[in-house]
Amino acid sequence: MAEAGGRDPAVSELRELVAAEQQRAQFTAQVHNFMEVCWDKCMDKPGSKLDHRSESCLASCVDRFIDTTLSITQRFSQILQKAGH
């Protein structure tokens, strides 16, 4: 049943759940893309164990991904804060 003002709390909750699922799906797709890029860059010949070079390459790739993601997130946060003032 709709509340006064035409806002149905169930619809609002459903929209929030859908938005959260969309964000999760985007994040998952981003992680898969990142893994594919790092794998292609670092893995010459997959074997039963990672060699030192491949292990170092994967660690560096992950570090760059995390640093870049944090940098972008901080920049968007700054832009949103400026827009709000």
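These entries record what I looked up about salt bridges and a surface patch in a predicted model.

**Basis.** I number residues from 1 along each chain as its sequence is written, and side-chain values use heavy atoms, with hydrogens and water left out. As the model is predicted, local features need pLDDT of at least 70 and side-chain atom pairs count only at pLDDT 80 or more, while totals for chains, interfaces and linings use all residues.

**Salt bridges.** I looked for salt bridges (a side-chain nitrogen of Lys or Arg within 4 Å of a carboxyl oxygen of Asp or Glu). By this rule I record two.

**Glu21 and Arg24.** I found the closest N and O atoms of this salt bridge 2.1 Å apart. The two residues are three apart in helix H1, so about one helical turn separates Glu21 and Arg24. Helices here are DSSP runs (H or I, at least four residues), numbered from the N terminus. I note Glu21 as partly exposed at 46% relative accessibility and Arg24 as partly exposed at 48%. The classes are buried under 20% relative accessible area, exposed over 50% and partly exposed in between (1.4 Å probe, protein chains only).

**Asp44 and Arg53.** In this salt bridge I found the closest N and O atoms 2.6 Å apart. Asp44 is exposed, at 60%, whereas Arg53 is partly exposed, at 42%.

**Nonpolar patch.** I then looked up a nonpolar surface patch of about 280 Å², made by Leu14, Leu17 and Val18. Such a patch joins nonpolar side chains (Val, Leu, Ile, Met, Phe, Trp, Tyr) within 5 Å, from residues with over 30% relative accessible area and no salt bridge. Accessible areas come from the Shrake-Rupley method with a 1.4 Å probe. Val18 lies in helix H1, residues 9-42, and counts as partly exposed at 42% relative accessibility.

Technical notes
Patch = residues over 30% accessible without salt bridge, like charges linked within 9 Å, V, L, I, M, F, W, Y side chains within 5 Å.
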